[in-house]
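Biologist: I would like to learn how to read the features of a model. Please start with the aromatic rings.

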Amino acid sequence: MNDTRQPEDEQTNLWNGTAGHAWVENQAVIDAMFKPLENLLVEAVAEGSARRVLDVGCGTGSTTLAVARRLGAEGRCTGIDISEPMLAAARARAEQEGTPARFIRANAQLHTFEPASFDMIISRFGVMFFEDPVQAFANLRHAARSGARLLAIAWRSPSENPFMTTAERAAAPLLPNLPARKPDAPGQFAFADSNRVHRILEASGWAGIDIQPIDVTCTLPEKELVRYLSRFGLLGRVLQEVDEKTQAQVIQTVRAAFEPFVHGAEVRYTAACWKVEARSSASP
């Protein structure tokens with residue numbers, strides 16, 4: 001375990017607070033919902049020759065552990081994240097199932113990696129939160145061997161992901177202080193603009209950049225929907241700060257707005273994402 005102490009910022013506070021704890025408490029539901037994206041990353045690792053893999057923004061470790069299981073004894077997968085609650089859950093899972101994954105608590109933008117120590121870097125929704133993404137991807141390139149592959153999944157625009165914005169849109173009339181999303185700011189949709197992502201990777205020294213749209217069907221049980229919409233995202237944070245009557249009113253209103261996504265006992269939506277690929281060129 002490597003617990004590198006680095007300056008706290010908004011993202012660190014968020015993921016070590018309400019957001020991180022929400023993921024831990026609901027990790028089984030979230031892991032199942034994003035399983036198709038995890039499978040995409042695991043299959044990409046399996047198809048190549050990578051043996052040392054870094055999982056950026058690994059959270060509670062589902063993808064890290066899946067890759068580690070696929071690599072077997074001849075490989076190693078390391079997860080890095082800033083959230084101690086999520087990493088504690090990841091380590092517990094690894095110990096319970098006996099999977100030899102390694103986890104680092106650190107900011108991948110600033111962490112001092114061993115140079116050229118990974119031959120593949122992956123991420124499932126973990127690369128959109130950097131304060132300085134050019135610095136972050138340059139640091140990741142420093143950690144990558146020459147020719148190493150980068151494969152990251154990131155959200156496309158809010159307009160292409162109505163499931164992810166329904167809660168805040170429905171709640172806005174009832175919560176006038178609900179903060180507005182800031183384009184390009186660290187957060188869920190920071191990589192919505194593929195041209196910006198290309199510029200970030202190019203400026204940080206990556207080569208062979210290829211960014212393709214993918215649409216992936218994700219599901220969760222209908223019985224988990226209220227818990228999901230009331231614990232995650234902007235709404236999940238703001239609901240912690242209002243009275244019980246307002247909470248109940250907001251949840252009722254928002255739940256009704258999700259009805260188009262409900263199909264019997266299942267909630268179903270399309271995750272509109274970018275599949276971001278690049279190769280590490282030799283460091284100067």
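Modeller: Rings of Phe, Tyr and Trp (its six-membered ring) pair if their centres lie within 6.5 Å; planes under 30 degrees apart count as stacked, over 60 as edge-to-face and the rest as tilted. A search of the whole structure finds 16 aromatic pairs. This is a predicted model: local features need pLDDT of at least 70, side-chain atom pairs count only at pLDDT 80 or more, and totals for chains, interfaces and linings use all residues. Residues are numbered from 1 along each chain as its sequence is written, and side-chain values use heavy atoms, leaving out hydrogens and water.

Biologist: How is the pair of Phe 125 and Trp 155 arranged, stacked or edge-to-face?

Modeller: A pair of aromatic rings is described by the distance of the centres and the angle of the planes. Phe 125 and Trp 155 are stacked, at 4.3 Å centre to centre with 5° between the planes. Phe 125 lies in the loop between β5 (118–124) and α7 (133–143), and Trp 155 in strand β6 (residues 144–155), so the pair ties together parts 30 residues apart in sequence. Helices (H or I, at least four residues) and strands (E, at least two) are DSSP runs, numbered from the N terminus.

Biologist: Is Phe 125 buried or exposed?

Modeller: Buried means under 20% relative accessible area, exposed over 50%, partly exposed in between (1.4 Å probe, protein chains only). Phe 125 is buried, with a relative accessible area of 10%. Trp 155 is buried too, at 3%.

Biologist: How are Phe 163 and Phe 261 arranged?

Modeller: Phe 163 and Phe 261 form an edge-to-face pair, 5.1 Å centre to centre, with 85° between the planes. Phe 163 sits in helix α8 (residues 162–171) and Phe 261 in the loop between α12 (244–257) and β8 (262–263), so this pair ties together parts that are 98 residues apart in sequence. Phe 163 is buried, with a relative accessible area of 3%. For Phe 261, also buried, the value is 14%. Both residues belong to one aromatic cluster, with Phe 34, Phe 125 and Trp 155 among its other members.

Biologist: Which residues have the most contacts inside the largest nonpolar core?

Modeller: A nonpolar core is a set of buried Ala, Val, Leu, Ile, Met, Phe, Trp, Tyr and Cys residues joined through side-chain atoms within 4.5 Å. The largest one has 98 residues, and Phe 34 and Phe 137 have the most contacts inside it. β6 gives the largest share of this core, 8 residues. Contact means heavy atoms within 4.5 Å. Not counting residues up to four places away in sequence, Phe 34 touches several residues, including Trp 23, Phe 125, Trp 155 and Tyr 269.

Biologist: Now the strands. How many bridges pair β2 and strand β3?

Modeller: Two strands pair if DSSP finds at least two bridges between them. β2 and strand β3 (residues 76–81) pair in the parallel sense over 5 bridges. Val 53 stands opposite Cys 77 in β3. β2 also runs parallel to β5, joined by 3 bridges. There, Asp 55 has Ile 122 in β5 as its bridge partner.

Biologist: Why is strand β2 largely enclosed?

Modeller: 4 of the 5 residues of strand β2 (residues 52–56) are buried, so the rest of the structure largely encloses it.

Biologist: What kind of unit do β2, helix α5 and β3 make?

Modeller: A crossover is right-handed if, with the strands pointing away from the viewer, the path from the first strand over the helix to the second runs clockwise. β2, helix α5 (residues 62–71) and β3 make a right-handed β-α-β unit. α5 is mostly covered, with 8 of its 10 residues buried.
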